[in-house]
Number of protein chains: 2
Amino acid sequence: MTAPLGNSRDQALQDRARHVIPNGMWGHMATRAITPGYPQFFSRADGCRVWDADGNGYIDFMCAWGPNVLGYHHPEVDAAALRQLQVVDSGNGPTETLVELAETLTPTLAHADWCLFQKNGTDATTACVTIARAGTGRRKVIMAKGAYHGAVPWCSPSVIGVTTEDRAHLITFDWGDTASLDAAVAQAGDDLAAIILTAFRHDVGRDQEMPTRDFLTAARTHCDRTGAMLICDDVRAGFRLDVRGSWAVHGVKPDLAAYSKAIANGWPLAAIAGADRAREGAEKIFTTGSFWYGAAAMAAGLATVRILRDTDALAHTEAMGNRFRKGLDEAAARHGYRLRQTGPVQMPMVLVDGDQDLRIGNALCLAALRHGVYLHPKHNMFLCAAHTAADIDRAVEGVDRAFADIAAAGVVPA
Amino acid sequence: MTAPLGNSRDQALQDRARHVIPNGMWGHMATRAITPGYPQFFSRADGCRVWDADGNGYIDFMCAWGPNVLGYHHPEVDAAALRQLQVVDSGNGPTETLVELAETLTPTLAHADWCLFQKNGTDATTACVTIARAGTGRRKVIMAKGAYHGAVPWCSPSVIGVTTEDRAHLITFDWGDTASLDAAVAQAGDDLAAIILTAFRHDVGRDQEMPTRDFLTAARTHCDRTGAMLICDDVRAGFRLDVRGSWAVHGVKPDLAAYSKAIANGWPLAAIAGADRAREGAEKIFTTGSFWYGAAAMAAGLATVRILRDTDALAHTEAMGNRFRKGLDEAAARHGYRLRQTGPVQMPMVLVDGDQDLRIGNALCLAALRHGVYLHPKHNMFLCAAHTAADIDRAVEGVDRAFADIAAAGVVPA
């Protein structure tokens with residue numbers, strides 16, 4: 001087995017952090033939620049590579065948990081944002097870039113007639129729900145059990161500090177199950193404001209599922225029949241799978257869609273794109289934030305969306321995803337393992353078959369770190385347009401060595 | 001009266017925006033919420049000046065509605081952020097800057113033992129409430145009637161699209177009224193999780209009020225007695241009045257405080273600073289966002305806080321505020337008007353006495369625009385450290401001319 005990576009600087013930072021940050025770190029980037037041994041602090045990123053605080057470099061398959069879609073430090077995106085920063089970012093109002101971005105997004109997204117902008121994906125999903133309630137005058141919101149729509153009381157995966165009333169009008173159903181959705185709609189009666197669905201099923205720690213056209217059509221039909229709004233939470237998948245929106249390929253249009261993460265290649269931006277059917281609700285509500293009108297992130301977003309629209313960046317990413325999936329399957333087989341790789345290849349979930357408690361996945365990912373590959377054992381990963389065939393091959397080679405390491409250590413299915 | 005400003009470019013942008021943005025603009029930066037005639041779009045900002053889309057320049061007293069505290073494009077702040085951008089902004093985890101920022105804030109803020117970071121002020125206030133509920137195991141939250149704590153369902157100034165249940169555990173009282181607070185605490189019984197108060201009373205369209213030490217002490221005592229958390233919503237005032245936190249001067253420490261706006265001089269950042277009393281709650285909850293760990297805004301925040309701590313920037317801003325207040329009073333008197341100027345001079349609320357319907361204030365502010373001064377008729381304004389005595393004098397001269405204009409036009413108290 002390869003020697004452990006140097007981590008003295010990371011450990012020192014973690015020790016300091018424990019004094020001034022609850023638990024030493026919080027949220028989805030707290031590495032204790034992955035498995036002990038991951039570096040917590042980073043010092044550099046470039047293209048498809050990241051370096052931890054101790055200078056260990058990795059071919060990166062988390063892409064900042066989604067924001068990096070074109071490669072860290074994409075020259076055109078960063079140049080556009082920096083040009084905007086030199087004139088004005090946050091001022092007393094927006095700049096022309098806001099209008100250009102909205103004018104660029106609405107014809108690009110299959111369903112969109114208008115846009116609003118925010119900072120967090122949660123800002124966008126929360127405002128989508130508020131818009132739906134304002135537009136319909138109703139209260140019930142249907143969401144899938146276990147789906148992640150953000151980290152505020154109405155939808156947080158943790159109910160600690162949340163009251164029962166925060167979720168009083170939520171009705172849950174089983175993702176992808178049309179009969180379960182029908183029952184939820186029936187339960188909502190004449191009070192259904194919205195059905196909110198992630199672009200595909202990308203819950204932590206389980207096989208991902210793509211929506212069937214029948215399932216999405218059922219949701220669309222329920223909304224058409226009842227007057228409710230169909231919301232696509234495309235925060236995680238948007239602008240990574242399809243620049244037209246993640247359901248365009250299925251031919252189903254949401255009334256409202258929430259975007260963030262990849263929309264500005266790492267610059268902080270979120271967006272709601274709505275159909276005219278949802279415009280009245282959007283015109284009624286009050287939603288805002290101090291930095292939502294900041295022009296630098298919008299300039300980055302405009303550059304990102306144009307590149308995604310006008311180049312083969314996403315097709316290339318998909319090809320690299322297919323190459324990675326195939327390479328991982330072959331590497332696993334060489335060492336007697338079998339993988340369950342699910343969901344879109346650009347956002348792979350890679351689980352080891354027979355690995356009930358993630359013992360194997362955790363060991364594999366820790367070993368991969370030592371071979372210069374940054375994976376995640378239970379969250380979907382992300383590829384970006386900066387991954388080259390050589391990067392993928394080098395990463396597969398690293399994972400192959402990681403399989404050899406864990407096989408040699410006897411970490412195999414029970 | 002001076003000729004109206006050129007606004008053809010702004011009008012053209014507004015026309016385009018109406019197609020792709022609900023109502024053409026949303027939130028606090030929608031100028032229709034001020035009064036018709038304000039420019040909606042901006043093209044440049046520098047120091048204490050902003051330029052609208054048509055190139056009209058103004059001495060600015062809104063400071064991006066708060067974020068600009070040291071002057072737009074402060075060289076040290078922007079250089080720190082740009083240096084960080086060149087290595088990594090959003091990566092797979094935070095950088096050392098996160099630790100440095102938390103280590104810098106905790107001894108600087110009078111009450112703080114730890115920090116968490118976000119993007120929006122609303123992220124911080126919402127998580128403060130969740131932390132208080134998690135730490136106490138209770139539900140009720142007391143807030144002042146009419147106070148602004150953000151724009152999400154639990155606290156939005158608009159109830160359109162909001163359900164009754166979103167506010168089921170809110171109890172309101174009259175800001176600054178100790179007896180009213182006592183009654184609210186009694187109503188909460190043994191279920192009081194938190195009292196949340198803005199740093200001072202800065203509601204739109206009414207005279208501002210500073211808290212008395214007695215009032216803050218009463219709130220503190222209630223929390224000590226009941227085990228509830230005292231939350232200071234310092235989003236708007238924090239890092240503009242006092243780098244130690246806006247209640248330091250009153251000698252009252254909150255358990256949790258929310259910051260945003262000025263903390264990084266316009267770069268998108270928010271923070272919660274908590275006392276050890278609130279740490280357990282903070283360790284229990286799940287709160288996160290895609291860009292909350294971004295290092296560029298943290299580098300900007302670190303530079304901003306150090307400058308505010310180590311220089312006379314805030315004392316200078318206060319001196320400029322006093323100069324502006326005196327100048328405005330004298331200008332008003334010269335033309336037969338009387339102003340009600342309330343709250344801290346760095347965040348002035350300027351209302352015209354006898355102006356029930358804002359007819360005079362709106363006319364005055366529109367006239368001031370034509371004389372190169374950007375004021376707000378009903379929201380508190382903001383000064384920054386880039387305002388020089390010459391800027392203030394030039395602005396007072398512009399407002400003097402604006403008074404002359406409206407007096408000549410017969411816009412006087414009924």
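1. α9(A) crosses α11(A) in a right-handed sense. The model is predicted. The two axes come within 9 Å and cross at roughly 20°. With angles under 35 degrees counted as roughly parallel, α9(A) and α11(A) are therefore roughly parallel to each other. Helix α11 of chain A covers residues 389-408.

2. On the α9(A) side, the residues that meet α11(A) are Met320(A), Arg323(A), Phe324(A), Gly327(A), Leu328(A), Ala331(A), Ala332(A) and Arg334(A). Their counterparts in α11(A) are Ala389(A), Ile392(A), Ala395(A), Val396(A), Val399(A), Asp400(A) and Phe403(A). Sorted by class, this contact has 11 nonpolar, one polar and three charged residues.

3. The contact between them involves 21 residues of domain 1 of chain A and 22 residues of domain 2 of chain A. On the domain 1 side, α9 (313-334), β11 (339-342) and β12 (349-352) of chain A each supply at least two residues. That side of domain 1 of chain A divides into 12 nonpolar, seven polar and two charged residues.

4. Chain A is superposed on chain B by a rotation of 180° with 0.0 Å of shift along its axis, at an RMSD of 0.0 Å. That is the relation of a two-fold axis. Of the interface residues of chain A, 100% are also interface residues in chain B, so the copies meet through the same surface.

5. What does each chain put into the contact between them? Chain A gives 87 residues and chain B gives 87 residues. On the side of chain A that touches chain B, at least two residues each come from α1 (8-20), β1 (42-46), α3 (96-108), β4 (114-118), α4 (121-136) and α7 (279-284) of chain A. With eight residues, α4(A) gives the most to this side. By class, the side of chain A that touches chain B holds 41 nonpolar, 31 polar and 15 charged residues.

6. In chain B, helix α3 (residues 96-108) packs on helix α8 (residues 295-310) at an angle of about 30°, and the axes are 9 Å apart. α3(B) and α8(B) are therefore roughly parallel to each other, and their crossing is left-handed. From α3(B), the contact uses Thr97(B), Leu98(B), Glu100(B), Leu101(B), Thr104(B), Leu105(B) and Thr108(B). These meet Ala295(B), Met298(B), Ala299(B), Gly301(B), Leu302(B), Val305(B), Arg306(B) and Arg309(B) in α8(B). The class count for α3(B) with α8(B) is eight nonpolar, four polar and three charged residues.

7. Another helix pair in chain B is formed by α5 (residues 178-188) and α6 (residues 213-226), which pack at an angle of about 15° with their axes 10 Å apart. That makes α5(B) roughly parallel to α6(B). The crossing of α5(B) past α6(B) is right-handed. The contact residues are Thr178(B), Leu181(B) and Val185(B) of α5(B), together with Asp214(B), Phe215(B), Ala218(B), Ala219(B) and His222(B) of α6(B). Five nonpolar, two polar and one charged residues make up the contact of α5(B) with α6(B).

Notes
Residues are numbered from 1 along each chain as its sequence is written. Chains are lettered from A and ligands numbered from 1 in the order in which they are written. This is a predicted model: local features need pLDDT of at least 70, side-chain atom pairs count only at pLDDT 80 or more; totals for chains, interfaces and linings use all residues. Copies are superposed by least squares on the C-alpha atoms of residues with pLDDT of at least 70 in both. Two residues are in contact if their C-beta atoms, placed from the backbone, lie within 7 Å. Helices (H or I, at least four residues) and strands (E, at least two) are DSSP runs, numbered from the N terminus. Ala, Val, Leu, Ile, Met, Phe, Trp, Tyr, Cys and Pro count as nonpolar, Asp, Glu, Lys and Arg as charged, and the others, Gly among them, as polar. Axes are lines fitted to C-alpha atoms, for helices over the stretch in contact, and angles run from 0 to 180 degrees between N-to-C directions. Angles under 35 degrees count as roughly parallel, over 145 as roughly antiparallel, 65 to 115 as roughly perpendicular and the rest as oblique. A crossing is left-handed if the near helix is turned anticlockwise from the far one by less than a right angle, and right-handed if clockwise.
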